Amino acid sequence: MSTIEAESAERPTLIRGPSAVGGGRRRFWDLLVLVAIMDFKKTFFDTALGYVWSIMRPLMLFGVLLFVFTQIFRVGDQVAHYPVLLLLNIVVFGFFQESTGAAVTSVVGQEGVVRKTQFPRLVIPLAVVLTGLFNLAVNLVAVLVFMFAFGVTPMWTWLLFPVALMALTIFTIAVSLILSVLYVRYRDVGIIWSVVGLMLFYGTPVLYPIEVAPEKYHDLLMLNPLAPIIEQIRVWMIDPSAPGAAAAAGGYIDLLPAVVIYVVICVLSVVLFAREAPRIAEEL
Amino acid sequence: MSSTGNGSKSPSVLPEDQTYDAQREPDRSDGPAAIEVQGLSKAFTIPEHRVTHLKERALTAFKRTEHRTFEALKDISFDVRKGEFFGIVGRNGSGKSTLLKILASIYRADSGTVKMAGRAAPFIELGVGFNPDLTAVDNVTLNGVMMGLSRSEARKRLDSVLEFAELEEFAELKLKNYSSGMMVRLAFATMIQADADVMLIDEVLAVGDAAFQQKCMDVFHNLRDVGKTIVLVTHDMTTVEGFCHRAMLIERGNLEFIGDPTEVCNRYLRTNFEDSLGVEAIKSAKGVPEYHTRKVDAWVENGNGERIENVEIGTSMKLKMILQAQDELVRPTLTVQVRNANSLAVFGMGVKSGDPGMPDRLAAGQKLELEADLENVLAPGRYYVRCFVTREHAGDQLGLQPIEMTSFVVFGMNDGGGVVSAPGEISVNGVSA
């Protein structure tokens, strides 16, 4: 209690009220990391297999899809390292899908802390994405094992993976921010996003590589900012001869619409969240 | 609104308050400010028809959405000095909680400024953000960080929190397996360990059993004595009178009065007295609020004549009160009312002139001693004793003054729950086919 005397010389300073990041930078990071770690712990707390589930879930989905697309539809026949590609795509896209899916209700779900404590609002959706990243890291270890098992040769371009991951993470955060803050006002967002998420799963080259899709749909598919990211990861990680982001779109100029959409969504998320954050407690 | 000064102005209406002066020292009214609030206003727009679906939004996009504005706070200005225990008093919906939430950076004010020295920690509710799926250790750490500690600081305090809550053995137990009593203990321990420069508290005292409430009281005494700056929102007048150096009264978003806690209490009780059970009769006879009597002392005794604060259920107790007339009291009546923590008037007792021993008039300065013999049938919890004193004027007008007397805690087992455990026996008369 002796600190009180020492601080008694301190003058009152203006407080700016609730905001997206209010309460100091150190506290922001401490909260973000703690909340994410606790969320990660919590997900597998009462399960017998614990963290194993984090890997098992995508692996089981992978098993089903692998059977369907190599034994029934035979998409994989023409594609180099199709099983590994499929697994990698599922894990990477799964990060986006699970993070954004959990982000929708995140702010509303934390109603207690938002309405009754001085909680920096931005922490809530960010922590969801960070938890997603923890899961992704665990899953990537499994993917790496499979890559060696299926005979993918290590390449220097593997080192570029973090660049693609960075682009994906930023996009995931942006979408999460928009969804979480819109859900406070409009509960429709939850339903809409479950449908849009499914559309994105089939609309993004996850199950199939882009060149398998008919040429006329390429422009449409490549409007989705996730498509060039997924395609680029494929080039860097598995198949250097694959088209890659630019070639799949038909040239660097044709990549522009996706980039514009990406940037617009990112800017929109920041503006929207900053505007809504101070009033979230009243809207809930 | 003119009474927006600081506590150095003494209230003009009440002669002078002697009851708690000893406790209120030292006077901090000249100390440095911990909180400065200037011209704070806050309005909520309440839509007549809330739009929560995009479809409705689309359909009503070009219509003007009808809504009314509710002004929760209107141009509030005040200072809180460093080391002050400051009470904010008001009825439900008066805006007191909104004010606390603005101070705590939970709501944003429409206009006006708030300045704060150091770190403020809000305690709007016990155990906010506690996660039932996490262990006590995780929850306490997370809560500490939420209250503004660093992660290492929060971990360092872990032991003392668990020790205070007497829950060391259950540190690794998940909260969902805690009893509600354990949960409250943990939440309270976490709260007082946050050690913020300014503590903003919203009636957290209203929870827990009697023994726990007593512990809370002790902690508040402690915090006050070490010179913490505390802002407490409450409508429990005993707490205000017992703890606060200064208090302010808010009514419908306006600052009605700021200064001496006793004065604040009296004003609050007056704004409230229509609702009061014991006053109904007096009100019908045109009671006007007055200051004509002061409390000298009030306490609870057990059967052996010893002063006590905790009364066991089922034992006999005496309620003793000494009042002094400040003014001449003609045909005075006294109504003593015992209320529980939920402000429910559990019972009342009255004496009026004409009753044995009760004089027809009391001269100014004369004291009146009252004693109530009670068989304690109250359910466990905290109880507040309030006294309404009236005097007669010419005609049918009555001068009325409510006075907070004392409070006590009832402990023990109450088999059937409820507000009282009524005397009597229940037995089985027989079993038939």
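Reader: Which residues of H3(A) are buried?
Author: This is a predicted model. In H3(A), the buried residues include Ser54(A), Pro58(A) and Phe62(A). Seen down the helix axis, the buried residues of H3(A) fall within an arc of 45°, so they line one face of the helix.

Reader: And what covers the buried residues of H3(A)?
Author: The cover includes helix H4 (82-104) and helix H7 (123-149) of chain A.

Reader: Which residues are exposed on the other side of H3(A)?
Author: Met60(A), Gly63(A), Val64(A), Phe67(A), Gln71(A) and Ile72(A) are exposed there.

Reader: What span should the 21 residues of H3(A) have?
Author: At 1.5 Å a residue, H3(A), residues 52-72, should span 30 Å; its end C-alpha atoms are 29 Å apart, which agrees. After H3(A) comes Arg74(A), with a positive phi near 55°.

Reader: Turning to the two chains, how many residues are in contact?
Author: On chain A there are 35, in contact with 41 residues of chain B. H2(A) gives the largest share of the chain A side, seven residues. That side divides into 15 nonpolar, seven polar and 13 charged residues.

Reader: Which strand of chain B is joined to S1(A)?
Author: Strand S4 (residues 111-116) of chain B is joined to S1(A) by three bridges, and the two run antiparallel. Leu14(A) has Lys115(B) as its bridge partner in S4(B).

Reader: Lastly, which residue takes a positive phi in the hairpin of S8(B) and S9(B)?
Author: Arg252(B) does, near 50°, in a hairpin with two residues between the strands. S8(B) and S9(B) pair in the antiparallel sense over five bridges, and Met248(B) stands opposite Ile258(B) in S9(B).

Technical notes: Residues are numbered from 1 along each chain as its sequence is written. Chains are lettered from A and ligands numbered from 1 in the order in which they are written. This is a predicted model: local features need pLDDT of at least 70, side-chain atom pairs count only at pLDDT 80 or more; totals for chains, interfaces and linings use all residues. Two strands pair if DSSP finds at least two bridges between them. Helices (H or I, at least four residues) and strands (E, at least two) are DSSP runs, numbered from the N terminus. Two residues are in contact if their C-beta atoms, placed from the backbone, lie within 7 Å. Ala, Val, Leu, Ile, Met, Phe, Trp, Tyr, Cys and Pro count as nonpolar, Asp, Glu, Lys and Arg as charged, and the others, Gly among them, as polar. The expected span of a helix is 1.5 Å times one less than its number of residues. A residue is buried if 20 or more other C-beta atoms lie within 10 Å of its own, exposed if 12 or fewer, and partly exposed in between; C-beta atoms are placed from the backbone. The arc is that of the directions from the helix axis to the C-beta atoms.
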